[in-house]
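Please look over the chain shown below.

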Amino acid sequence: MSEVIARELASHIVDAKLPAGSVLPTEKEMIESFDVGRSTIREALRLLETRNVITLRPGPGGGPVVRRPRPEDLSEALSLILQFEDASLDDVMQARRALEPTIARLAATRITEADLDLMERTVRVVLESPDPEVFQEQNRIFHSTLSRAACSVVLQVFVESLGSVADGIAGGVTYSPRRYVAAAHAHTRIIEALRANDADCAEQLMRNHLDEADGYWHKKHRDLVSRPVLWRR
């Protein structure tokens, strides 16, 4: 029964288009509404909390508050599954190399000027300050903007989740400033193909970009690439 109630509450949040931060009915109100015991409601709310649908605020005035799951939430669950399956960083990178060229192809005919402007801004920021923290954040923005521009929510969620799992810099991969600049120029070429609505070129350039990164990882960080994926929060 707790699972049934959890699904009903999740459907209500989606159907009512409740934004993050919306306060749900109190535990007492839910008990009366669903005509079940306190333990059943608490278990339903716990299920929703573990799925990142809500947060439970403690204390007076607290209670269940809408959170809404995000792609990075899937990456945590995915990394746990991959750890049990003995998957490596290389396995995750192979999946990205299979998916992201398709993302680029789709985005070439669907991307907006606002998306292109944002992606170009990430390139400028990296070229102005080619250091690890700057590159990591701007690279994340570049790839997430591209995946969103493809207008395929399923691909977007999976690619962003894989990107979080296979974050080379967070995993210990290091680059020289020259490599950051080279990556920025590769991004520029992809942007030019996207702006020209050239799907074939955008797909190939993304494949080349990921192949180059994969080759660098295997050459400079072979031990990290073969290391198993670990569940991390």
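K17 is exposed, with a relative accessibility of 68%; buried means under 20% relative accessible area, exposed over 50%, and partly exposed in between, with a 1.4 Å probe and protein chains only. The loop between α1 (2-15) and α2 (27-34) holds K17. K17 is not a glycine, yet its phi is positive, about 50°. Most residues other than glycine have a negative phi. N197 is another non-glycine residue with a positive phi, about 55°. N197 sits in the loop between α9 and α10 and is partly exposed at 48% relative accessible area.

This is a predicted model, in which local features need pLDDT of at least 70 and side-chain atom pairs count only at pLDDT 80 or more, while totals for chains, interfaces and linings use all residues. Residues are numbered from 1 along each chain as its sequence is written, and side-chain values use heavy atoms, with hydrogens and water left out.

The chain has 11 helices and 2 strands. Helices (H or I, at least four residues) and strands (E, at least two) are DSSP runs, numbered from the N terminus. In sequence order the pattern is α-α-α-β-β-α-α-α-α-α-α-α-α. The C-alpha trace spans about 60 × 40 × 30 Å along its principal axes. Of the 233 residues, 41% count as buried.

Strand β1 (residues 54-57) and strand β2 (residues 63-66) run antiparallel and are joined by 4 bridges; two strands pair if DSSP finds at least two bridges between them. I54 stands opposite V66 in β2. The hairpin of β1 and β2 has 5 residues between the strands, and G59 there takes a positive phi near 80°.

Which residues touch the most other members of the largest nonpolar core? They are M119, L146, L194, M206 and W217, in a core of 36 residues. A nonpolar core is a set of buried Ala, Val, Leu, Ile, Met, Phe, Trp, Tyr and Cys residues joined through side-chain atoms within 4.5 Å. At least two residues of this core come from each of α5 (89-107), α6 (113-128), α7, α8, α9, α10 (199-220) and α11 (222-225). The largest share, 8 residues, is supplied by α10. In soluble globular proteins, nonpolar side chains tend to be buried together.

A search of the whole structure finds 1 aromatic pair. The ring centres of F135 and Y180 are 4.8 Å apart and the planes stand at 35°, so the pair is tilted. Rings of Phe, Tyr and Trp (its six-membered ring) pair if their centres lie within 6.5 Å; planes under 30 degrees apart count as stacked, over 60 as edge-to-face and the rest as tilted. Because F135 lies in helix α7 (residues 132-149) and Y180 in helix α9 (residues 177-195), the pair ties together parts that are 45 residues apart in sequence. F135 is buried at 8% relative accessible area, and Y180 is buried at 3%.

Helix α8 (residues 153-165) gives the largest share of the patch, 3 residues. L74 is found in helix α4 (residues 71-84) and is partly exposed at 31%.

The count of salt bridges comes to 18, each being a side-chain nitrogen of Lys or Arg within 4 Å of a carboxyl oxygen of Asp or Glu. R42 pairs with E27, with the closest N and O atoms 2.9 Å apart. R42 lies in helix α3 (residues 38-50) and E27 in helix α2, so this pair ties together parts that are 15 residues apart in sequence.

D214 forms a salt bridge with R97, with 3.2 Å between the closest N and O atoms. D214 belongs to helix α10 and R97 to helix α5, so the parts tied together are 117 residues apart in sequence. D214 is buried at 10% relative accessibility, whereas R97 is partly exposed at 27%. D117 and R195 also meet in a salt bridge, at 3.8 Å from N to O. This pair links helix α6, which holds D117, with helix α9, which holds R195, across 78 residues. Finally, R105, D200, E203 and R207 are linked in a network of salt bridges.
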